[in-house]
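Subject: The structure we talked about

Hi there,

Here is the structure I promised to pass on. Please have it open while you read, and my notes follow below.

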Amino acid sequence: MSTENLHTLAGLIRKERDILLAEWRQEIRQLSTAYHLDVPTLNNHIPDLLAELSVELETHIDGSMIGELKKNSVIHGLDRLRLGFDIEEVVAEYNALRGVVQNLAERHDISLRGQVNRTINRVIDMSIGLAVKTYATQKALEIQQRREEHLAFVAHDLRTPLSTIAMAAKLLEITVPDVVKDERAAKLLDSMHRNVKRLNLLVVKVMQEDANLKAKVNEKVERREINLRALVETLASDLSPLAASSNLNLVNNVPEEVTAVGDASMLSLIFQNLISNAIDYTPNGEVVVGAQQNTESADVECWVSDNGAGISPERLEKVFDKLETDPDKESGIGLGLAIVKQFVEAHGGQVAVESKLGQGSTFRFNIPNKA
């Protein structure tokens with residue numbers, strides 16, 4: 001009688017497959033994440049799982065599940081993570097399927113005791129285990145990758161203020177009269193140099209340890225209205241020691257009336273990286289920062305131009321790649337422009353560069369004014 005029940009239920013699952021899927025979808029659409037999904041996306045591998053369940057009921061041999069179903073359960077877990085399901089919702093999907101199959105058996109007076117129950121639970125529980133394990137593993141990896149990459153970005157952005165402090169100390173030594181440089185002042189300056197050097201070495205070490213990261217940063221953009229001229233003016237003041245050390249003119253040509261709706265911290269880092277990069281390549285030259293409102297799209301278009309060394313054609317297409325460094329430069333490990341690109345794209349904008357060797361470069365980006 002048990003064998004007959006197994007075969008009968010297997011046949012019913014095949015015959016009423018579409019009804020079972022419709023009942024399952026009706027229950028799953030109560031989940032907020034699943035409500036707006038189309039049928040193919042919602043179904044995913046569930047039709048294959050029903051087909052395999054019917055095979056398992058007919059063969060009723062423990063452990064006979066085929067590799068393709070295991071692979072599909074793994075893919076299902078990854079797909080649900082991508083769609084924003086939480087792990088409880090993934091488990092709920094499979095339990096809902098268990099429920100509709102059990103309801104089918106009860107409608108046709110098929111006993112759910114013994115081998116029938118064991119087979120249903122084995123197939124569905126194995127699928128839950130594979131999907132949840134894949135989901136949880138991938139989720140943990142993404143969280144760890146975001147944390148590590150964020151640490152690398154923070155470490156990178158510490159280098160500019162550290163360089164500014166070091167340069168300010170050097171300028172103090174040059175400009176302050178010797179009579180003021182008593183022994184105590186000399187010791188303080190020496191201590192400043194040593195500690196800046198130590199911090200810089202620590203920052204470089206952190207960046208080098210995290211330089212192999214390939215994960216995308218999932219930065220949340222906190223938008224508000226920002227006066228770009230004031231933002232650039234503050235950065236120009238902070239970077240003035242670096243500009244002075246390169247004997248260049250740093251010009252803020254952003255009009256007073258230009259504002260952007262964006263994340264102040266991100267925009268500050270975008271401009272900081274572009275300006276400090278331009279200073280590095282433009283000794284005895286000029287760096288100009290500009291912006292304008294695009295009357296057609298309402299975007300704000302920004303740029304940083306210099307008349308420095310320029311970029312070779314073979315490097316031009318990959319300057320925004322992570323870990324891309326200038327072979328002619330000893331400093332830097334290739335994160336600055338990658339950060340620029342990532343933060344601009346986080347705003348929904350794009351970044352580009354125009355450059356000619358010996359004539360200079362212009363880096364442009366746009367910030368869509370979204371509320």
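Predicted model: local features only at pLDDT ≥ 70, side-chain atom pairs only at ≥ 80, totals over all residues.

In which helix is the place of Pro-161? Pro-161 sits in helix α7, which covers residues 115-175. Its relative accessibility is 36%, so Pro-161 counts as partly exposed.

**Overall picture**

The protein has 12 helices and 7 strands. Of its 371 residues, 45% are buried. If you take the contacts between residues at least 6 apart in sequence, 76% of them join residues at least 24 apart.

In soluble globular proteins, nonpolar side chains tend to be buried together. The largest nonpolar core here has 45 residues, and the members that touch the most others are Leu-228, Phe-271 and Phe-365. At least two residues of this core come from each of α9 (228-245), α10 (264-280), β4 (286-293), β5 (300-306), α12 (336-346), β6 (351-356) and β7 (360-367). Helix α10 gives the largest share, with 10 residues.

What does Phe-365 contact, once its neighbours within four places in sequence are left aside? Its partners are Ile-270, Phe-271, Leu-274, Val-300, Glu-301, Cys-302, Val-344, Gln-350 and Val-351. A second, separate core holds 37 residues, among them Leu-97, Val-101, Ile-120 and Val-123.

**Helix pairs**

Two packed helices are described by the angle between their axes and the distance between the axes.

The crossing of α9 and α10 is right-handed. On the α9 side, the contact is made by Leu-228, Leu-231, Val-232, Leu-235, Leu-239, Leu-242 and Ala-243. On the α10 side, Ala-264, Leu-267, Ser-268, Phe-271, Gln-272, Ile-275, Ser-276 and Ile-279 take part. By class, the contact of α9 with α10 has 12 nonpolar residues, 3 polar ones and no charged ones.

Next come α2 (residues 17-28) and α6 (residues 87-107), whose axes come within 9 Å and cross at roughly 135°. That angle makes α2 oblique to α6, and the crossing of α2 and α6 is right-handed. Helix α2 brings Leu-20, Glu-23, Trp-24, Glu-27 and Ile-28 to the contact, and α6 brings Ala-92, Glu-93, Ala-96, Leu-97, Val-100, Leu-104 and Arg-107. Which classes do these residues fall into? The contact of α2 with α6 has 8 nonpolar and 4 charged residues, with no polar ones.

Helix α6 also meets α4 (residues 46-59): the axes of α4 and α6 come within 12 Å and cross at roughly 45°. The two are therefore oblique to each other, and the crossing of α4 and α6 is right-handed. Ile-46, Leu-49, Leu-50 and Leu-53 of α4 make this contact with Tyr-94, Leu-97 and Val-101 of α6. By class, the contact of α4 with α6 has 7 nonpolar residues, no polar ones and no charged ones. Leu-97 and Val-101, both in this contact, also belong to the second core.

Most residues other than glycine have a negative phi, and most peptide bonds are trans. Two loop residues have a positive phi instead.

- Asn-44 has a phi near 50° and lies in the loop between α3 (39-43) and α4. Its relative accessibility is 27%, so Asn-44 counts as partly exposed.
- Asn-284 has a phi near 60° and lies in the loop between α10 and β4. At 58% relative accessibility, Asn-284 counts as exposed.

Happy browsing, and do write back with any questions.

Best wishes

Notes
Residues numbered from 1 in each chain as written. Heavy atoms only, no water. Core = buried A, V, L, I, M, F, W, Y, C linked by side-chain atoms within 4.5 Å. Buried < 20%, exposed > 50% of the residue type's maximum accessible area, 1.4 Å probe, protein only. Helix = DSSP H or I, 4+ residues; strand = E, 2+ residues; numbered from the N terminus. Contact = heavy atoms within 4.5 Å. Axes fitted to C-alpha atoms, helices over the stretch in contact; angles between N-to-C directions. Parallel < 35°, antiparallel > 145°, perpendicular 65-115°, else oblique. Left-handed = near helix turned anticlockwise from the far one by under 90°. Nonpolar A, V, L, I, M, F, W, Y, C, P; charged D, E, K, R; others polar.
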